[in-house]
Amino acid sequence: MLKKRLIPQLLINGDRLIKTDKFSNPRYIGDPLNAVSIFNEKKADEIFIIDINKTLLNETPDFQYIAQLASESFMPFGYGGAINNLDTAKKIFDLGIEKVILQSSVFHNPSIITDIARIYGSQSVVISLDIKKNFLGDYFLFSKNIKIKNQNNIQEYVLKFIELGAGEILFNSTYLESTFKGLDMNLITKIKKYCSIPLLINGGLNNLNNAKEAFKLGVDGVVAGSFFVFYGKHKAVLISYPLEDEIYNL
C-alpha cells in the first residue's frame, strides 16, 4: 500500500517564515531554517516551501538562501516562487531541490512545463492552482499575478497542464486556508473525475480523520500549513507532525 502523503507547506518572505489567513494578511512566525530542521526530526514525508513575494515583486529566487534550506532538509523538497523559465528551474534543481512548484508562469509561459519535464521528468513538476468559490458555490481559478482567461473552466486548464507534462497538481482552496474548517470534499470529488495525475489538496485541514476522508476520495497528498504550525484556538506557533503509525492508519 502506498504511504499516504501529508505535506507541510511553509510560506516564506525572504528569510522570514510567515503564515497567511486565506492567503492574505501575512504574519511573521519564525525562522524557516529552524522549521525545516524540526520537520526533519519529526520525519515529515516531504516539504513544500513557497516564497510568496518574489513573483509579485518580479524578483529572481534567492538561490543562496534556497541552498541553505536545501542543505537543512533531509526530506524531499519542493520549492516555488519566481520560477519563470527553464534556466531558473535548472539553478533550483542544481541546489538539490527535487521538485519545482509552478503557478503564475504556467499561464503566461505554459511551455515551461514541457521544458522542465523533458529534462527532469514529470515527477519533478508540481502545478499549484489557487481556487476561489463564489456565493453560488461555483469554483474558479484566481491569481494575484496574472489575468486568467476562462477562470471558471478549471478542467480545461488541468487537462492542458497534464498534456504538457505536469507530474502533480496542487489545488489551494484559498477560501479555507488557515480556517481549520475542513478540506473541501466537494471540490475534490469534482476534480478527481478528470485529474489523471497525482492530486494534492490544500486548505482547511483540521484533523487526521479529515485527511483520511480526502484519501478515500482519491487524493494522493494532503498539503497544509496551519495544521502543522499552529496549536489551539489562539494559534500559538507549535510545529507538529503525526507519527508514522498514525499516517499508516489513514
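Tutor: Let us begin with the side chains of Lys-99 and Glu-46, which are joined by a polar contact of 3.2 Å. A polar contact is a pair of N or O atoms within 3.5 Å, where, within protein, one must be able to donate a hydrogen and the other to accept it, and residues adjacent in sequence count only if both atoms are side-chain atoms. This is a predicted model, in which local features need pLDDT of at least 70 and side-chain atom pairs count only at pLDDT 80 or more, while totals for chains, interfaces and linings use all residues. Residues are numbered from 1 along each chain as its sequence is written, and side-chain values use heavy atoms, with hydrogens and water left out.

Student: Where is Lys-99 placed, and is Lys-99 buried or exposed?

Tutor: Lys-99 lies in strand β6, and strands (E, at least two residues) and helices (H or I, at least four) are DSSP runs numbered from the N terminus. Lys-99 is buried, with a relative accessible area of 12%, given that buried means under 20% relative accessible area, exposed over 50% and partly exposed in between, with a 1.4 Å probe and protein chains only.

Student: Which residues is Lys-99 in contact with, leaving aside its neighbours within four places in sequence?

Tutor: Among them are Arg-5, Phe-48, Tyr-79, Phe-93 and Glu-168, where contact means heavy atoms within 4.5 Å.

Student: Let's switch to helix α3, then. Which residues of α3 are buried?

Tutor: In α3, which runs over residues 86–94, the buried ones are Leu-86, Thr-88, Ala-89, Ile-92 and Phe-93. They cover an arc of only 160 degrees around the axis, which puts them on the same side of α3; the arc is that of the directions from the helix axis to the C-beta atoms. On the other side of α3, Asp-87 and Asp-94 are exposed.

Student: And what covers the buried residues of α3?

Tutor: The cover includes helices α2 (63–72) and α5 (111–120), together with strands β5 (77–80) and β6 (99–102).

Student: What happens at the start of α3, and what follows α3?

Tutor: At the start, a side-chain oxygen of Asn-85 comes to within 3.2 Å of the backbone nitrogen of Asp-87, and after α3 comes Gly-96, with a positive phi near 100 degrees.

Student: Zooming out, how many helices and strands are there in the protein?

Tutor: The protein has ten helices and 13 strands, and buried residues make up 54% of its 250 residues.
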